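Visitor: Could you walk me through this one? Please spell out the terms as we go.
Guide: Gladly, here it is.

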Amino acid sequence: MKRLSRLLSPLLIAALVLGSLPVAAAPVPADDDLVGTTAVLDASSAQSDRAKIREVLARDDVQQQLLAQGVSPTEVEARVAALSDEEARQMAERLDQLPAGASVVGVLFAVFVILLVTDILGLTDVYPFTR
Amino acid sequence: MTGPFRPQERKNARIAGVLVMVAYLLLLTGCATAPQLTPATRDALPDRVRLDDVPFHGQRDYQCGPASLAMVLNAGGRDVGVDALIPQVFLPGREGSVQPEMLATVRRQGMIPFRLPGAFGALLEELAAGHPVVVMQNLALPAWPLWHYAVAIGYDLPDESLILHTGMTPGRAVDFARFDATWARSDRWAFVALPPGELPASLDADAATRAIADFEAARGSRAALPAWQALAERHPTAAMVQFALGNAHHSTGDRPGAMAAYRAATAADPELAPAWLNLGLLASREGDLQMARRALARAAALPGPWQARAREEQAALDQETDG
């Protein structure tokens, strides 16, 4: 499965990039729709074309990462669709480092304090700085 | 333990280490100072606020994210429980919920998430306006983070305490200094979730515009229209807001509404090329050629990313009317 996706991913990325190129290169047809709000906002925040391409690719990437983190396949698509472009890029680039609010406060903090005390007493050997 | 230290030296080092640790903890907790409010902010705020209509959901295991979301979504009138939210926001691999997905889940439930500027005054302002605020805290120390979401539902200025629905405890009072120390470790991350049409008290037009545009991209213009209308009412001279309102009107099939909004946008900022461009395109479809020509000419004269498109449209219109 992992090998398969390793083989498939570059192909899919290449297909996506190639697929989106003609759209970017094609001249805007004369009676195309109006200029969209996000297009103007992105332009005014001086977003480079490269950043925009990254955002297009980001959603696929995030989908893969969410699946790998155990999100059910039926939920993945809707979860990714609700992200803004900026959020999708954030998730794609540094999901591992994003803080995940969880908090098992009572338990973990108590354990920490107990271990700290026991470390100081010399009963355990968990935290190097107490030595 | 076969280090080069003799037992006596190791004991001294241990005592020194404990002292450093105690000093560090004191620095982080005991000496934390209460955040300062500017006198203007202080005077504008009521002394005590408590939003009693925000329901409490106790968290199970690692579910403070879904529980916090359920509280603010219920307060905003959305009937959704923690169990329905868990598959939408919880990341099993991380045993928690990450910030971007907290915001995305609010959108999926049809409400708009507005990130607040990371300032204590903004947090209190929202509470005073009746909006519960989801905050992210690191309850432990930076080196051993304990990331946690909670919902602020009130404050007491004379008592210097914030009231939080947190973990398993509803309405817990935490003093400002301790709260701010834990909140600062998440870079003071916070948001309010509001139904389209309600606006945060503490945001400027630009930040609100971005938040509503992101909601519109996920949920469509019909859902976002009340939010644009409310924002345009609050900031009648913000050109970008009028422009966005025009786009939302256009997407929902209201051409006269869209034309009026684009006109308001160009009146507020005659340099806003996309507003001229959209106004021209729409006018030409409506058969108002005089207006179309005038607007496209303005758009074509403004340098920027839309100039090329404007010139093309201008040429196309001239060709059409000549031939």
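Guide: Read along the sequence, the elements of chain A come in the order α-α-α-α-α-β-α, where helices (H or I, at least four residues) and strands (E, at least two) are DSSP runs numbered from the N terminus. This is a predicted model, in which local features need pLDDT of at least 70 and side-chain atom pairs count only at pLDDT 80 or more, while totals for chains, interfaces and linings use all residues. Residues are numbered from 1 along each chain as its sequence is written, and chains are lettered from A and ligands numbered from 1 in the order in which they are written.

Visitor: How many helices and strands does chain A have, then?
Guide: Chain A has six helices and one strand.

Visitor: And how much of chain A is buried?
Guide: Buried residues make up 21% of the 131 residues in chain A; a residue is buried if 20 or more other C-beta atoms, placed from the backbone, lie within 10 Å of its own, exposed if 12 or fewer, and partly exposed in between.

Visitor: How many residues of chain B are in contact with chain A?
Guide: On the side of chain B there are 60 residues in contact with 41 residues of chain A, where a contact means that the C-beta atoms of two residues, placed from the backbone, lie within 7 Å. Helix α5 (residues 99-108) of chain B gives the most to that side of chain B, with eight residues.

Visitor: What kinds of residues does chain B bring to chain A?
Guide: The side of chain B that touches chain A divides into 32 nonpolar, 15 polar and 13 charged residues. Here Ala, Val, Leu, Ile, Met, Phe, Trp, Tyr, Cys and Pro count as nonpolar, Asp, Glu, Lys and Arg as charged, and the others, Gly among them, as polar.

Visitor: New topic: which domains does chain B have?
Guide: The domain assignment of chain B gives domain 1 (39-194) and domain 2 (205-322), with bounds that come from an automatic or database domain assignment. Their contact takes six residues from domain 1 of chain B and eight residues from domain 2 of chain B, although the C-alpha centres of these two domains lie 36 Å apart.

Visitor: How do α9(B) and α10(B) cross?
Guide: The axes of helix α9 (residues 221-234) of chain B and helix α10 (residues 239-251) of chain B come within 9 Å and cross at roughly 150°; axes are lines fitted to C-alpha atoms, for helices over the stretch in contact, and angles run from 0 to 180 degrees between N-to-C directions. The two helices α9(B) and α10(B) are therefore roughly antiparallel to each other, since angles under 35 degrees count as roughly parallel, over 145 as roughly antiparallel, 65 to 115 as roughly perpendicular and the rest as oblique.

Visitor: What about the residues where α9(B) and α10(B) meet?
Guide: They divide into nine nonpolar, four polar and no charged. Among them are B:Trp228 in α9(B) and B:Leu245 in α10(B).

Visitor: Is B:Tyr262 buried or exposed?
Guide: B:Tyr262 counts as buried, because there are 31 C-beta neighbours inside 10 Å, and its place is in helix α11 (residues 255-268) of chain B. Leaving aside neighbours within four places in sequence, B:Tyr262 is in contact with residues including B:Phe243, B:Asn278 and B:Leu282.

Visitor: Where is B:Glu95?
Guide: B:Glu95 sits in the loop between α4 (82-89) and β2 (97-98) of chain B, and phi of B:Glu95 is near 50°, a positive value in a residue other than glycine.
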